[in-house]
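Here is a structure to look through together. Have the picture open and follow along as we go from part to part.

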Amino acid sequence: MNADQPTSGHHPTHARLVVVHPDAGVLAEAVASRLVTRLLDVQSVRQPVHVVLTGGTVGIASLAALARHPARDAVDWSGVHVWWGDERFLPDGDPDRNETQAREALLAHLPQLPAENVHPMPASDVVATPEESAADYAATLAEHAPGDAEVPELDVLLLGMGPDGHVASLFPGHPGLDVAGVPTAGVHGSPKPPPERVTLTFEAIARARQVWVVAAGSEKAPAVAAALAGAPAHEIPAGAVAGTERTLWLLDAAAAGTRDADR
Ligand SMILES: O=C1O[C@H](COP(=O)(O)O)[C@@H](O)[C@H](O)[C@H]1O
């Protein structure tokens with residue numbers, strides 16, 4: 001696979017752009033740079049900007065890179081809304097929550113970002129079930145959506161990808177893959193701990209203007225190859241995500257399969 005190689009798959013109606021970086025460290029820095037540019041570009045034409053964060057190794061490393069990016073403060077953070085693509089259903093402040101990790105890596109370093117612009121999925125000490133958390137989150141999304149829409153104009157939506165090809169908390173073969181008509185779903189029996197989670201649905205993800213799948217490491221290479229080759233959504237959920245304007249696959253060489261093993 002070559003850097004900047006456009007690919008087409010079974011689901012997206014437009015080309016997917018695959019960009020390959022030498023290693024996970026460079027990938028995280030590059031994702032941070034792209035985020036700064038994307039936020040600045042959007043802010044030059046409209047406010048507010050809505051960004052959807054991911055958990056996972058590269059996702060959190062990218063947020064840490066953004067926190068130390070020299071152009072970080074060129075962004076008007078007071079006009080940014082922060083959402084999550086999925087969450088582990090755990091108590092508020094639990095170190096395994098994607099929210100906790102994102103706050104530590106980035107959000108705590110952005111004094112300009114209003115607290116009310118940060119929209120975490122409700123935690124397990126706030127609501128009783130993943131379904132209740134999902135329903136509350138759907139209501140919050142709708143509050144910020146234009147007109148009768150269910151979700152805001154999501155300018156960029158980040159997705160990490162597991163070695164099994166899951167994105168957000170949409171796992172291969174799981175019932176959450178078939179949830180329709182709502183933007184969020186509760187998840188039980190996740191193969192990756194913790195078992196209870198909350199996720200955006202495929203439908204909500206498909207409303208985003210730009211979807212960026214970020215992945216690093218040779219253990220991800222088979223799923224990356226399968227997704228880009230058009231594997232069914234129930235086998236490799238990552239292959240079924242696309243933005244309305246742009247879909248980027250941001251990889252390191254190991255995940256792209258252009259290097260045999262991680263350095
Ligand atoms: O559990 C999760 O895992 C994925 C990917 O994580 P990684 O460590 O393999 O990069 C992540 O995208 C998702 O948000 C998270 O909840």
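Predicted model: local features only at pLDDT ≥ 70, side-chain atom pairs only at ≥ 80, totals over all residues.

Which residues of H3 are the buried ones? They are Asn98, Glu99, Thr100, Gln101, Ala102 and Ala105.

And what does the covering? Strand S3 (49-53), H2, strand S4 (80-84) and S5 are included in what lies over the buried residues of H3.

## H2 next to H3

Two packed helices are described by the angle between their axes and the distance between the axes. For helix H2 (residues 57-67) and helix H3 (residues 98-105), the angle is about 25 degrees and the axes are 8 Å apart. H2 and H3 are therefore roughly parallel to each other, since the cut-off for that label is an angle under 35 degrees. Their crossing is right-handed.

On the H2 side, Ile60, Leu63, Ala64 and Ala67 make the contact, while H3 brings in Gln101, Ala102 and Ala105. Sort the residues of this contact by class and you get 6 nonpolar, 1 polar and no charged residues.

## H2 next to H1

H2 also packs against H1, this time at an angle of about 60 degrees, with the axes 8 Å apart. So H1 and H2 are oblique to each other. The crossing of H1 and H2 is right-handed.

From H1, the contact uses Ala24, Leu27, Ala28, Glu29, Val31, Ala32, Leu35 and Val36; from H2, it uses Val58, Ala61, Ser62, Ala65 and Leu66. By class, the H1 and H2 contact has 11 nonpolar, 1 polar and 1 charged residues.

## Zooming in on Leu27

Leu27 sits in helix H1 (residues 24-43). Is Leu27 buried or exposed? It's buried, because 26 other C-beta atoms lie within 10 Å, and the cut-off for buried is 20 or more.

Which residues does Leu27 touch, if you skip its neighbours within four places in sequence? Leu27 is in contact with His21, Val58, Val214, Ala216, Leu250 and Asp252. As for Arg103, it comes 76 residues apart from Leu27 along the chain, and the C-alpha atoms of the two are separated by 20 Å.

## Around the ligand

How many residues surround the ligand? There are 16, and the closest are Thr54, Gly55, Gly56, Thr57 and Gly160. H2, strand S5 (86-88) and strand S6 (156-160) are the elements that give two or more residues to this shell.

H2 turns up here again: the largest share of the shell, 3 residues, comes from H2. By class, the shell around the ligand splits into 4 nonpolar, 9 polar and 3 charged residues.

Now for the loops. In the loop between H1 and S3 you'll find Pro48, and the peptide bond from Gln47 to Pro48 is cis, with omega near -10 degrees. Pro194 lies in the loop between strand S7 (184-187) and strand S8 (197-200). A cis peptide bond joins Pro193 to Pro194, with omega about -10 degrees.

Finally, take a look at Ala168, in the loop between S6 and S7. Ala168 is not a glycine, yet it has a positive phi of about 45 degrees. Ala168 counts as buried because it has 33 C-beta neighbours inside 10 Å.

Note on methods:
Residues numbered from 1 in each chain as written. Axes fitted to C-alpha atoms, helices over the stretch in contact; angles between N-to-C directions. Helix = DSSP H or I, 4+ residues; strand = E, 2+ residues; numbered from the N terminus. Parallel < 35°, antiparallel > 145°, perpendicular 65-115°, else oblique. Left-handed = near helix turned anticlockwise from the far one by under 90°. Contact = placed C-beta atoms within 7 Å. Nonpolar A, V, L, I, M, F, W, Y, C, P; charged D, E, K, R; others polar. Near = placed C-beta within 6 Å. Buried ≥ 20, exposed ≤ 12 C-beta atoms within 10 Å, placed from the backbone.
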